[in-house]
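Here is my note for you to read alongside the model. Keep the structure open as you go, and look up each residue when it comes up.

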Amino acid sequence: KENRKQQIGVTVSSIMFGAIGGGLMAMSNDILRYCYALDTYNNELHLVTLDFLDDILSIDSEIYKKFITEKQIIEKVANQNPEQANKLLKNLIKKYIPIVEKLYP
């Protein structure tokens, strides 16, 4: 949902302000954002991190194995290229958010 909102914002900015406005809006989408998960049983708010994903995804062994494999690959990349690893970690978290929505209470 968040990505769709960002795409619409870039499109609207491009129409209203031309290529420069669209470019500036697209650049602002690279700002670090944090995702949270609300536990509906006890109303606790959790920051979605790799550790949080590790805990939640362990509920489903098939998904968890895939997550761990991808995480290990990124950890290997981190030794060679930390900047690349940061981008990959952000994408990994984004990738698993919809799955957390299904698994998390």
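The points below go from the overall layout to single residues.

1. **What you are looking at.** This is a predicted model, so local features are described only at pLDDT of at least 70 and side-chain atom pairs only at pLDDT 80 or more, while totals for chains, interfaces and linings use all residues. Residues are numbered from 1 along each chain as its sequence is written, and side-chain values use heavy atoms, with hydrogens and water left out.

2. **The layout.** The protein has 4 helices and 2 strands, and along the sequence they follow the pattern α-β-β-α-α-α. Both kinds of element are DSSP runs numbered from the N terminus: helices are H or I with at least four residues, strands are E with at least two. Of the 105 residues, 24% count as buried; that means under 20% relative accessible area, with exposed being over 50% and partly exposed in between (1.4 Å probe, protein chains only). Look also at the contacts (heavy atoms within 4.5 Å): among those with a separation of 6 or more, 46% are between residues 24 or more positions apart.

3. **Helix 2, an enclosed one.** Why is helix 2 described as largely enclosed by the rest of the structure? Because 6 of its 8 residues (residues 50-57) are buried. Those are Leu 50, Phe 52, Leu 53, Asp 54, Ile 56 and Leu 57. They pack against strand 1, strand 2, helix 3 (61-80) and helix 4 (82-103). Take Phe 52 as a case: apart from neighbours within four places in sequence, Phe 52 touches Ala 37, His 46, Leu 47, Val 100 and Tyr 104.

4. **The core.** Phe 52 turns up again in the largest nonpolar core, which has 15 residues; Phe 52, Leu 53, Phe 67 and Val 100 have the most contacts inside it. Helix 2, helix 3 and helix 4 each give two or more residues to this core. (A nonpolar core is a set of buried Ala, Val, Leu, Ile, Met, Phe, Trp, Tyr and Cys residues joined through side-chain atoms within 4.5 Å.) In soluble globular proteins, nonpolar side chains tend to be buried together.

5. **One aromatic pair.** The structure holds 1 aromatic pair. Phe 67 and Tyr 96 sit edge-to-face, 5.3 Å centre to centre with 85° between the planes. For the cut-offs, rings of Phe, Tyr and Trp (its six-membered ring) pair if their centres lie within 6.5 Å; planes under 30 degrees apart are stacked, over 60 edge-to-face, the rest tilted.

6. **Glu 70.** Is Glu 70 buried or exposed? At 19% relative accessibility, Glu 70 counts as buried. Glu 70 lies in helix 3 and, leaving aside neighbours within four places in sequence, is in contact with Leu 92, Lys 95 and Tyr 96.

7. **The loop between the strands.** Asn 43 is in the loop between strand 1 and strand 2. Asn 43 is not a glycine, yet has a positive phi of about 60°. With a relative accessible area of 60%, Asn 43 is exposed.
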